[in-house]
Amino acid sequence: MFEEINNSDDDLDRMTDYVYEVIDWSKDRMHTLVEDEEIDDATAIYFEFSEWYDPNAEFEVVIIDEAFNKLMKDMFDGNINNSD
């Protein structure tokens, strides 16, 4: 899924995990929004992540800085409430 560009194997593994966690989060979030009849918000999330749902798609994910790494770690370790 990822092409190594000056990344360690651990970096690539971590990014792969983040991508799959974001995909799972987005699907769960869309489901919740549809249940709450917030169709426009669910549609917006779908269009934001739609290319990620295709398992054969190739795309580039770029980490801008360490702050993003911390945000992703906090979000997926449950330290950020992302359900509202």
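Student: Which exposed residues sit on the face of H2 turned away from its buried side?
Tutor: Asp-40 and Phe-47. Exposed means over 50% relative accessible area, buried under 20%, and partly exposed in between, with a 1.4 Å probe and protein chains only. This is a predicted model, in which local features need pLDDT of at least 70, side-chain atom pairs count only at pLDDT 80 or more, and totals for chains, interfaces and linings use all residues. Residues are numbered from 1 along each chain as its sequence is written, and side-chain values use heavy atoms, with hydrogens and water left out.

Student: And which residues of H2 are buried?
Tutor: Ala-42, Ile-45 and Phe-49 are buried in H2. Seen down the axis of H2, its buried residues fall within an arc of 60°, so they line one face of the helix. The arc is taken from the directions from the helix axis to the C-beta atoms.

Student: What do those buried residues pack against?
Tutor: The buried residues of H2 pack against H1. Contact here means heavy atoms within 4.5 Å.

Student: Stepping back, how many helices and strands does the protein chain have?
Tutor: The chain has 3 helices and 0 strands, in the order α-α-α along the sequence. Helices (H or I, at least four residues) and strands (E, at least two) are DSSP runs numbered from the N terminus.

Student: How much of the chain is buried?
Tutor: Buried residues make up 24% of the 84 residues. The accessible surface is about 6500 Å², and 47% of that belongs to carbon and sulfur atoms. These areas come from the Shrake-Rupley method with a 1.4 Å probe; for residues, only the protein chains shown count as cover.

Student: Which residues make up the largest nonpolar core?
Tutor: The largest nonpolar core has 12 residues: Met-15, Tyr-18, Val-19, Val-22, Ile-23, Met-30, Leu-33, Ala-42, Ile-45, Phe-49, Trp-52 and Tyr-53. Helix H1 (9-35) and helix H2 (39-49) each supply at least two residues of this core. The largest share, 7 residues, comes from H1. A nonpolar core is a set of buried Ala, Val, Leu, Ile, Met, Phe, Trp, Tyr and Cys residues joined through side-chain atoms within 4.5 Å.

Student: Take Met-30 from that list. What does Met-30 touch?
Tutor: Not counting residues up to four places away in sequence, Met-30 touches Ala-42, Ile-45, Tyr-46 and Tyr-53. Met-30 is in helix H1 and counts as buried at 14% relative accessibility. Met-30 and Thr-43 are 13 residues apart in sequence and 7.6 Å apart in space, C-alpha to C-alpha.

Student: New topic. How many aromatic pairs are there?
Tutor: The count is 4 aromatic pairs. Rings of Phe, Tyr and Trp (its six-membered ring) pair if their centres lie within 6.5 Å; planes under 30 degrees apart count as stacked, over 60 as edge-to-face and the rest as tilted. Trp-25 and Phe-49 have ring centres 6.3 Å apart and planes at 75°, so the pair is edge-to-face.

Student: Where do Trp-25 and Phe-49 lie?
Tutor: Trp-25 lies in helix H1 and Phe-49 in helix H2, so the pair ties together parts that are 24 residues apart in sequence. Trp-25 counts as partly exposed at 23% relative accessibility, whereas Phe-49 counts as buried at 15%. Ring pairs also link Trp-25, Phe-49 and Trp-52 into a cluster.

Student: What about Tyr-46 and Phe-47?
Tutor: Tyr-46 and Phe-47 form an edge-to-face pair, 5.3 Å centre to centre with 75° between the planes. Tyr-46 counts as partly exposed at 39% relative accessibility, and Phe-47 counts as exposed at 61%.

Student: And Ser-26, buried or exposed?
Tutor: Ser-26 counts as buried, at 0% relative accessibility. Ser-26 lies in helix H1, and its side chain reaches the backbone oxygen of Ile-23 at 2.8 Å. Ser-26 touches Ile-45, Phe-49 and Tyr-53, not counting residues up to four places away in sequence.

Student: Last one. Which side chain does Glu-35 make a polar contact with?
Tutor: The side chain of His-31, at 2.9 Å. A polar contact is a pair of N or O atoms within 3.5 Å; within protein, one must be able to donate a hydrogen and the other to accept it, and residues adjacent in sequence count only if both atoms are side-chain atoms. Glu-35 lies in helix H1 and counts as exposed at 55% relative accessibility.
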